[in-house]
Amino acid sequence: MQDPLTILVAEDEALIRMDLVETLGEIGLEVVAAVADGRSAVAKADELRPDLALLDIKMPDMDGLAAASQIIELRSTAVVMLTAFSQPELIQRAVAAGAMGYLVKPFKPEELRAALTVAWQRYSQLRAEQQRSRELEQSLADRKTIERARGVVQDRLGVTEAEAYTWLRKAAMDQRISMAEVARRTLQA
């Protein structure tokens, strides 16, 4: 069985905050923190690394949009804005901050569940794409390093391109390290 998603709630109105915590529990999500302002939300997100942060926009000390930007920079938590305001300017600011969802109060529990589920799925897809991008960038960098090392081996040993690749592969197998690491060591020598 999969663990429930963990949620951070930031809502300045105590009754709404308590109602949110109760509703989230009823729909099968685990609230790991409930705070009353944006600054506390950022601190708890940094400390607890919840899956999702549900942030009110209008809060004291630091508004939800500023908190959203800082939480998103942590790269560990998807953000959904929760507000009574539906002005296009606020929606655009939420999008610019990186929010994965925007829910207008009042809402029904099933609307909350849907918004959080979509936000989590979008965020998970984005993280997977970012990971694939990092892996491709690393693969390309490794390939370039191997190509440079191949040229060095060719020059030093006076061998053909194919023989230089064979030499790098054999060194990698003998040392039980990657060809890229052999290439880096070859270039440093």
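## Exposure and the model

A residue counts as partly exposed when its relative accessible area lies between the buried limit, under 20%, and the exposed limit, over 50%. E89, at 47%, is therefore partly exposed. The structure described here is a predicted model.

## Salt bridges in general

Side chains of opposite charge can pair when their charged atoms come close. In this model the count comes to 14 salt bridges. Some of these pairs are described below.

## R93 and its two partners

R93 lies in helix α4, residues 88-97. The side chains of E89 and R93 meet in a salt bridge, with an N to O distance of 3.6 Å. These two residues are separated by about one helical turn, because E89 and R93 are four residues apart in helix α4.

R93 also forms a salt bridge with D63, where the closest N and O atoms are 3.9 Å apart. This pair links distant parts of the chain: D63 belongs to the loop between β3 (52-56) and α3 (64-73), and D63 and R93 are 30 residues apart. D63 has a relative accessible area of 27% and is partly exposed; R93, with 38%, is partly exposed.

R185 is partly exposed at 43% relative accessibility, and E181 is partly exposed at 25%.

E181 and R185 also belong to a network of salt bridges that links them with D142 and R184.

Note on methods. Residues numbered from 1 in each chain as written. Predicted model: local features only at pLDDT ≥ 70, side-chain atom pairs only at ≥ 80, totals over all residues. Heavy atoms only, no water. Salt bridge = Lys/Arg side-chain N within 4 Å of Asp/Glu carboxyl O. Buried < 20%, exposed > 50% of the residue type's maximum accessible area, 1.4 Å probe, protein only.
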